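Hi,

Here is the structure I said I would pass on.

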Amino acid sequence: MIEIRNLSKSFTHSTGQIDILHNISLTIEKGQWYTILGPSGAGKTIFLGCIAGLLPPTTGEVLYDDIELYQLSDKARGNYRRKHIGFVYQNFKFLPHYSIVDNVILPFIHDEPKKTLYPKAITLLEQVGIHPELFERFPEDLSSEEKHRVAIARALLGNPSILICDEPTGNLNAESRNELLNLLSFYRAQGQTIIMVTRDEEAARLSDYTYKLIDKQLIKLK
Ligand SMILES: Nc1ncnc2c1ncn2[C@@H]1O[C@H](COP(=O)(O)OP(=O)(O)OP(=O)(O)O)[C@@H](O)[C@H]1O
Ligand SMILES: [Mg+2]
């Protein structure tokens, strides 16, 4: 379970303070799918960064099974994240000069030998529907939908209990979007906890809980 308690996030610039999130509390139950809707610029990516241990909140707490993420040292937090949290970045963050399969294993090459990582990466790439012909290609050679699929495979490589997806169906046509949502639904059925943010209201239809981030606050819709 994840407890987000009174989380606020602001940035301070020479022009003054910009408040992005204000006093947000949310409990994430294991094995459930949460969708957070909100317009562009609402603070969805910032919120996910705070939940995932990537961006310290200005005030408030993020607890994973009673462990306060931001009380851990940077190193311990990094280890915790790699073990428990899979993150699908909005802009993928692929390394362009590495093959697809290398991109999938890269986050873990310091933790585990390549010879055990490769078979796991290949199993996951096949599971997310990437054709073996694409494994040695470079990220720029993939379609948008394929990039989303590879990003999901990479996020799942460490067998995390939580999958955090930032706009995992962005810029896709309706058919590709539905395929991607069905894929997330498959992992949800395997017991994965999913936290997804998106601008696309249609994408929320399969989730267990739906919220909207608007005016720095989280409003429950479903
Ligand atoms: N380092 C920063 N300093 C100041 N403002 C920032 C910083 N990072 C992000 N912002 C601002 O925070 C707001 C929320 O950004 P965020 O990327 O979380 O929006 P979003 O809801 O994910 O939007 P989109 O749907 O377009 O991805 C934006 O107005 C952005 O300009
Ligand atoms: Mg965003």
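The side chain of Asn103 comes to 2.7 Å from the backbone nitrogen of Leu95, and it also reaches the backbone oxygen of Tyr98, at 3.0 Å. Before I go on: this is a predicted model, so please read every distance here as coming from a prediction. Asn103 sits in helix α3, which covers residues 100-105. With a relative accessibility of 3%, Asn103 falls under the 20% limit and therefore counts as buried. Setting aside neighbours within four places in sequence, the contacts of Asn103 are Phe94, Leu95, Tyr98, Pro139 and Arg154. I also looked at Gly53, which is 50 residues from Asn103 in sequence; the C-alpha atoms of the two are 21 Å apart.

Next, Phe135. You will find Phe135 in the loop that joins α4 (114-127) to α5 (144-156). Is Phe135 buried or exposed? Its relative accessibility is 7%, so Phe135 counts as buried. Leaving out residues up to four places away in sequence, Phe135 touches Ser99, Ile100, Val101, Ile122, Leu125, Glu126 and Ile130. One of these, Val101, is 34 residues away along the chain, yet the C-alpha atoms of Phe135 and Val101 are separated by 5.3 Å.

Ser207 is another loop residue, placed between β8 (193-198) and β9 (209-214). Ser207 has 6% relative accessibility and so counts as buried. Which backbone oxygens lie by a polar atom of the Ser207 side chain? That of Ala204 is 2.8 Å away, and that of Tyr209 is 3.5 Å away. Not counting residues up to four places off in sequence, Ser207 is in touch with Trp33, Thr35 and Lys222.

Asn6 is not a glycine, but its phi is positive, near 50°. Asn6 belongs to strand β1, residues 2-13, and is partly exposed, with a relative accessible area of 41%. Asp66, also not a glycine, has a positive phi of about 75°. Asp66 lies in the loop between β4 (59-64) and β5 (67-68); at 72% relative accessibility, Asp66 is over the 50% limit and so counts as exposed.

Now for the chain as a whole. The protein chain has six helices and 10 strands. Its radius of gyration is 17 Å, which agrees with the value near 17 Å for a compact globule of 222 residues. Along the principal axes, the C-alpha atoms fill a box of roughly 50 × 40 × 40 Å. Of the 222 residues, 47% count as buried. Among contacts with a separation of 6 or more, 68% are between residues 24 or more positions apart.

As for the surface, the accessible area of the chain is about 11,000 Å², and carbon and sulfur atoms account for 49% of that. The chain carries 25 positive and 27 negative side chains, and the centres of these two sets are 3 Å apart.

That is what I have for now. Let me know what you make of it.

Cheers

Conventions: Residues are numbered from 1 along each chain as its sequence is written. Chains are lettered from A and ligands numbered from 1 in the order in which they are written. This is a predicted model: local features need pLDDT of at least 70, side-chain atom pairs count only at pLDDT 80 or more; totals for chains, interfaces and linings use all residues. Side-chain values use heavy atoms; hydrogens and water are left out. Helices (H or I, at least four residues) and strands (E, at least two) are DSSP runs, numbered from the N terminus. The radius of gyration is taken over C-alpha atoms; the globule rule is 2.2 Å times the number of residues to the power 0.38. Buried means under 20% relative accessible area, exposed over 50%, partly exposed in between (1.4 Å probe, protein chains only). Contact means heavy atoms within 4.5 Å. Accessible areas come from the Shrake-Rupley method with a 1.4 Å probe; for residues, only the protein chains shown count as cover. Lys and Arg count as positive and Asp and Glu as negative; His and the chain ends are not counted. The place of a charge is taken as NZ of Lys, CZ of Arg, CG of Asp or CD of Glu. A polar contact is a pair of N or O atoms within 3.5 Å; within protein, one must be able to donate a hydrogen and the other to accept it, and residues adjacent in sequence count only if both atoms are side-chain atoms.
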